[in-house]
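Dear colleague,

Please find the structure below, handed over for your review.

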Amino acid sequence: MDPPENIGIDDPGHLGPLYIHWTAPASLTNLTACSMRYHLEYFNTYQSRWTVIRTVRTWYRAQFDLEKEVRVRISTLLKGGCTNGTELKSPFTEMVLPPNNTGPVGSRVQGFGCVFYQKEFMECTWETGLEEPTQSQYSLYFWHREMEQAEECPQYIHSNGVRTGCKFTEESLSEFSDFNICINSSSPKVVLRLAFFSLQIQNYVKPAAIETVHLEASPDRRLQVQWDLPNERIPRHCLEYEVEAREEGVGGQRLLQRNVTNEMTLTSLSMDGARRKCFRVRSRMHHYCADRGFWSDWSHWSCHSDTESDAVVGCAVVIGIIISMLILSLFGWALWRKWKAREGEIITFGPLHKLMEYSKGLSARSHFNKRRENQ
């Protein structure tokens with residue numbers, strides 16, 4: 001049994017998808033007692049394995065990494081009365097396309113990455129190649145299934161006059177489909193190497209930072225942590241949250257725990273044993289809505305004090321101040337009394353002592369005069 005004939009691979013210019021086509025073997029075109037279909041295999045360079053397709057059609061469309069070799073093989077499957085009900089398989093016919101890797105390896109861009117901010121716009125950035133010639137210029141082209149042909153970047157990002165990225169508006173994006181990108185570089189002196197990328201943009205979402213975190217103490221002295229979502233296009237059920245708690249006291253700060261939850265509230269540990277507990281929250285896409293995603297920036301810390309401990313400390317401080325004031329007052333009063341005592345001795349008792357001695361002298365003189373008169 002013969003394999004399919006006239007196998008071909010066409011590139012429609014969509015930066016990755018290739019159109020594989022073939023015809024039925026001429027020796028089997030007039031068969032009526034058997035059904036014919038085809039066994040197609042192509043090497044998936046994204047997953048490093050062969051992908052198998054069985055179809056009755058004579059064409060198939062598949063996504064390829066155009067920087068790598070394209071390998072396709074196909075055989076004929078026949079089953080029916082002409083084979084006594086047994087399915088027969090022909091040998092493979094194979095086709096290999098080499099990659100278009102012209103230009104120095106070091107001229108290819110490096111450090112390529114994309115971030116889909118709040119599902120509102122996406123930025124893809126790159127770094128220049130190690131062997132990038134001077135006066136060269138980068139260009140980015142993209143395609144997805146809602147476009148007829150590839151288009152150039154709608155808004156380039158520049159650094160020191162060189163294109164280092166591209167900003168995509170929401171209107172130019174499509175989720176849950178291959179978003180294909182090609183970056184080339186033109187130079188007046190040499191042909192530079194192309195770079196191809198394919199991504200699903202829902203896996204590159206970065207939510208906005210949570211703005212407000214609310215803390216409320218329950219009667220059992222546990223903290224209820226709640227937060228508000230920013231106004232963005234990401235559905236609430238597509239997010240998960242990480243809550244980080246830390247404890248602040250005289251000895252400094254200490255990380256208590258990290259929790260990941262699907263809810264917008266969390267009951268924390270008891271307030272016992274700490275003067276202050278602080279919390280912050282961040283979010284990312286849940287695996288229900290995307291295979292992966294970026295964590296948002298952390299919210300600001302929101303703290304709650306143990307009011308009973310603060311009251312005890314406050315009372316102790318006030319009592320200490322009052323006692324200190326009393327001690328200082330008593331000490332001052334004692335000094336004042338001592339000073340007044342010394343002042344009274346110098347001003348009052350000194351002159352009085354001299355006055356008493358003078359009185360004694362007058363009394364003695366008077367007594368002497370009376371004795372002379374009597375004689």
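How much space lies in the second largest pocket? The answer is about 190 Å³. A pocket here is an open set of points on a 1 Å grid over the protein atoms alone, where a 1.4 Å probe fits, with protein on both sides within 12 Å along at least five of seven lines; lining residues have an atom within 4 Å of a point. A volume is the space filled by probe spheres set on the points, which are joined across faces, edges and corners.

This is a predicted model, in which local features need pLDDT of at least 70 and side-chain atom pairs count only at pLDDT 80 or more, while totals for chains, interfaces and linings use all residues. Residues are numbered from 1 along each chain as its sequence is written, and side-chain values use heavy atoms, with hydrogens and water left out.

The lining of the second largest pocket includes Ile9, Asp11, Leu66, Lys68 and Phe196. By class, this lining has 9 nonpolar, 1 polar and 2 charged residues (Ala, Val, Leu, Ile, Met, Phe, Trp, Tyr, Cys and Pro count as nonpolar, Asp, Glu, Lys and Arg as charged, and the others as polar).

The largest pocket holds about 350 Å³ of space. Its lining has 16 residues, of which Gln63, Ser177, Asp178, Ser198 and Gln200 are closest to the centre. Strand β5 (59–63) gives the most to this lining, with 3 residues (strands are DSSP runs of E, at least two residues, numbered from the N terminus).

Strand β16 (195–199) also supplies at least two residues of that lining. In β16, 4 of 5 residues are buried, meaning under 20% relative accessible area (1.4 Å probe, protein chains only).

With kind regards

Notes. Buried < 20%, exposed > 50% of the residue type's maximum accessible area, 1.4 Å probe, protein only.
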